[in-house]
Amino acid sequence: MDFPVVTIMVITYKRLNEIQQTLDALRKHISYPADKLRWLIADDSSGADYIESIKALKRFKALNLEFAVTPANGGWGRNVNHALSQIETEYVFQIEDDYLLRKPLDLRAGIALMETKPEIGMLRYRGIAGTHMVTHLMEADISAYLPDHQDGVHMVPGKLQYCLLDSGSPTAYIYSNGAHLKRRSFHQFYGVYPEGQKLGATEETFCYTVKSAMKLPNAPAIAILPDWFYMWFEHIGQSYQLTEEDRGERHMMGAAPYSKITGVPGWETEHEQNLLLTLARKVPPGGVIVEIGSEWGMSASLLCYGSQQRNIAVHCVDLFPNDYRGDMMAHHAHNLRTAGFGDRVIYHRGDSGNVGEFWDGAIDLLFIDGDHSFNGVSRDINAWCGHIKVGGIVIFHDTAAKSNTNIHTLHIEVSQAIDAWQKQDGAHWRELPSVDSMRVFERIE
Ligand SMILES: C[S@@+](CC[C@H](N)C(=O)[O-])C[C@H]1O[C@@H](n2cnc3c(N)ncnc32)[C@H](O)[C@@H]1O
């Protein structure tokens, strides 16, 4: 059987770096007959220069990019609705300009599934948002399209297993703006995206609309292939999304404020967050970052954000207690996933002094924010600083640095431990300017 034409719609606003990478990854990994793909850039009035810069990218010439540009900047909902209204193909693969596809995606199988099962209106390709989900495992015979296809679960040629979301799933987040394939009729049934709201609110409103309408007769179903429950797309941009669900969970996070950069809660000031980001950006490809003291994940999210796409390992060491707040490692992992760094962190659950004793290998950037007592900081220094490379950096949080305008007792203990270490080992280190409560040292020999 013939494959139908699909429009790949990439939603963008002034992110030339990100959109290039996203297009490169799609081009590399998506399998579909090239003559059956249309490429549409949905731009929210970034300006003529932006469109010209994309058009000038020679390597995308063969894609024959088309552009749907809103007449005036109107936000995510208006941009996407505007572009969808211009699409004439039956199928749309929708993706944001900052989600890198990390593995091969055989779009033919998704289309074969939807062609065989007309009740499916949307096939998700970026996991499922929400705490848990009720799904039904189903099977489709796609042999008319792909007789030899084997889906890795079932291994019967021509058969494809897929999951259908149950309309009774407890969370509203059965739909999100992650990458997905849909029929145009999906929006004819559920309506278009709400306009004039922030991204999180747009998402939230639309999720509730879809959830309540899913129960109606003939409502287009939402499906996902088992393999795509994993987040194979890496989010490389900033996260602007803050949905009710995030707020609900963040409620438990005490008074911890959220990073304006990554949306993850924690205890670093804005200046300190920028410092983490800047120093993570300087870590060379293939380097190693270690963080001691992770809690809700703010600092780890910034270290991940600053070091992405350079094959840099980010290790998080924490006791990760399971206490009145619940399992802290699960909270941390959830927060990083929400920010788009789900697969980046290597976790070490335990006392940092003990983990450090068994540590083997050089470190480019070390962030110490664990046990803040004199003895605790001294143990971390002894266990970890020796692993830092020449040219590498250690950052201490919550010190009584000159730049700290809000000093309390714990800060003094942290600084005393640092000063004692410097007295002994100072010849190997150069202190760099402090930022708020952070003191920073570079290893010089
Ligand atoms: C201030 S919080 C870290 C905050 C985090 N860096 C942020 O971005 O908000 C301190 C963390 O250190 C952890 N911690 C305290 N003592 C520790 C120890 N001996 N070993 C490992 N982690 C420890 C605690 O569990 C807590 O999560």
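**Exercise 1. Which residues in H8 meet which residues in H9?**

Keep in mind that you're working with a predicted model.

*Solution.* Start with the H8 side: Gln273, Leu276, Leu277, Ala280 and Arg281 make the contact. Now switch to H9, where their partners are Ser299, Leu302, Leu303, Tyr305 and Gly306. Sort that contact by class and you get 6 nonpolar, 3 polar and 1 charged residues. For the geometry, H8 covers residues 270-281, and its axis lies 7 Å from that of H9 at an angle of about 35 degrees. The crossing of H8 past H9 is right-handed.

**Exercise 2. Work out how H12 and H13 are oriented to each other, and what sits between them.**

*Solution.* First, locate the helices: H12 takes in residues 374-384 and H13 residues 409-425. Next, get the numbers: their axes are 8 Å apart, and the packing angle is about 40 degrees. Angles under 35 degrees would count as roughly parallel and 65 to 115 as roughly perpendicular, so H12 and H13 come out as oblique to each other. As for handedness, H12 passes H13 in a right-handed crossing. Finally, list the contact: H12 brings Phe374, Val377, Ser378 and Ile381, while H13 brings Glu413, Val414, Gln416, Ala417, Ala420 and Trp421. The class tally for this contact is 7 nonpolar, 2 polar and 1 charged residues.

**Exercise 3. Describe the shell around the ligand.**

*Solution.* Begin with the count: 19 residues surround the ligand. The closest ones are Gly266, Gly293, Glu295, Ser299 and Asp371. Then ask which elements give two or more residues to the shell; those are helix H9 (298-306) and strand S15 (313-318). Split by class, the shell holds 6 nonpolar, 7 polar and 6 charged residues.

**Exercise 4. Find the domains and the distance between their centres.**

*Solution.* Read off the domain assignment: domain 1 runs over 6-235 and domain 2 over 255-443. Then take the centres over C-alpha atoms, which gives a separation of 37 Å.

Notes. Residues are numbered from 1 along each chain as its sequence is written. This is a predicted model: local features need pLDDT of at least 70, side-chain atom pairs count only at pLDDT 80 or more; totals for chains, interfaces and linings use all residues. A residue is near a molecule or strand if its C-beta atom, placed from the backbone, lies within 6 Å of it. Helices (H or I, at least four residues) and strands (E, at least two) are DSSP runs, numbered from the N terminus. Ala, Val, Leu, Ile, Met, Phe, Trp, Tyr, Cys and Pro count as nonpolar, Asp, Glu, Lys and Arg as charged, and the others, Gly among them, as polar. Domain bounds come from an automatic or database domain assignment. Axes are lines fitted to C-alpha atoms, for helices over the stretch in contact, and angles run from 0 to 180 degrees between N-to-C directions. Angles under 35 degrees count as roughly parallel, over 145 as roughly antiparallel, 65 to 115 as roughly perpendicular and the rest as oblique. A crossing is left-handed if the near helix is turned anticlockwise from the far one by less than a right angle, and right-handed if clockwise. Two residues are in contact if their C-beta atoms, placed from the backbone, lie within 7 Å.
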